[in-house]
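I opened the file to see which residues are worth a note. These are my entries, in the order I looked things up.

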Amino acid sequence: MHTYDITVTTTASPETVWRLLVDAASWPLWSRVDSLDAARSVGLDPGGDDGVGAVRAFRTGRTVTGERLTEKVEPRLLAYEDAFNPSMRDYRARIELTPAPGSGTVIHWYGTYRTGRLTGLFLPRYLRTFMRGMAEGLARHAEEQQGGPTR
């Protein structure tokens, strides 16, 4: 079993960060994914508030991965698992938002997954870097929505 565990602090409010997380259409604006694949997604909310059970398919390069939302506690927890992913099995991730001391939000994004023997040689390091970029991109974009720097 492999893991990643990323924590980033932003000056943006938990509500601003939350709105970006639950709206799959916003992810290409702030994350490392190239696009939302609406044709392979299921149950997306047209108003941008995807619910538990929705499958959000994201394209990064030529790879499309699907993530099924499994838990949602507004505005502090979003959890998902792999619906389809060619490189991983048993993928589960959680994004927890907590108010930062003073103001802002602590974003804690962590997950566990299994790989095949060959992908297990390079995927853990790659995914840690990729997920750090996801969390940092979320923090920066949320701040741009409110105006202010990432801490």
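The entries below go through a few residues and what lies around them.

**Setting up.** I am working with a predicted model, in which local features need pLDDT of at least 70, side-chain atom pairs count only at pLDDT 80 or more, and totals for chains, interfaces and linings use all residues. Residues are numbered from 1 along each chain as its sequence is written, and side-chain values use heavy atoms, with hydrogens and water left out.

**P14.** I looked up P14 and found it in helix 1, residues 14-22. Helices (H or I, at least four residues) and strands (E, at least two) are DSSP runs, numbered from the N terminus. Is P14 buried or exposed? P14 has a relative accessible area of 14%, so it is buried. Buried means under 20% relative accessible area, exposed over 50%, and partly exposed in between, with a 1.4 Å probe and protein chains only. Leaving aside neighbours within four places in sequence, I listed P75, L97, P99, G104 and T105 as contacts of P14; contact means heavy atoms within 4.5 Å.

**P75.** One of those contacts of P14 is P75, so I checked its backbone because most peptide bonds are trans. The bond joining E74 and P75 is cis, with omega about -10 degrees. P75 sits in the loop between strand 4 (63-73) and strand 5 (77-84).

**D90.** Most residues other than glycine have a negative phi. D90 is not a glycine, yet its phi is positive, about 55 degrees. I placed D90 in strand 6, residues 89-99. D90 counts as partly exposed because its relative accessibility is 41%.

**Aromatic pairs.** Rings of Phe, Tyr and Trp (its six-membered ring) pair if their centres lie within 6.5 Å; planes under 30 degrees apart count as stacked, over 60 as edge-to-face, and the rest as tilted. How many aromatic pairs are there by this rule? I got eight aromatic pairs. W27 and W109 form an edge-to-face pair, 5.8 Å centre to centre with 75 degrees between the planes. W27 lies in helix 2 (residues 27-30) and W109 in strand 7, so this pair ties together parts that are 82 residues apart in sequence. W27 is buried at 1% relative accessibility, and W109 is buried at 0%. I also noted that ring pairs link Y4, Y80, Y91 and Y113 into a cluster.

**L121.** Last, I looked at L121, in the loop between strand 7 (105-114) and helix 3 (123-146). L121 counts as exposed because its relative accessibility is 71%.
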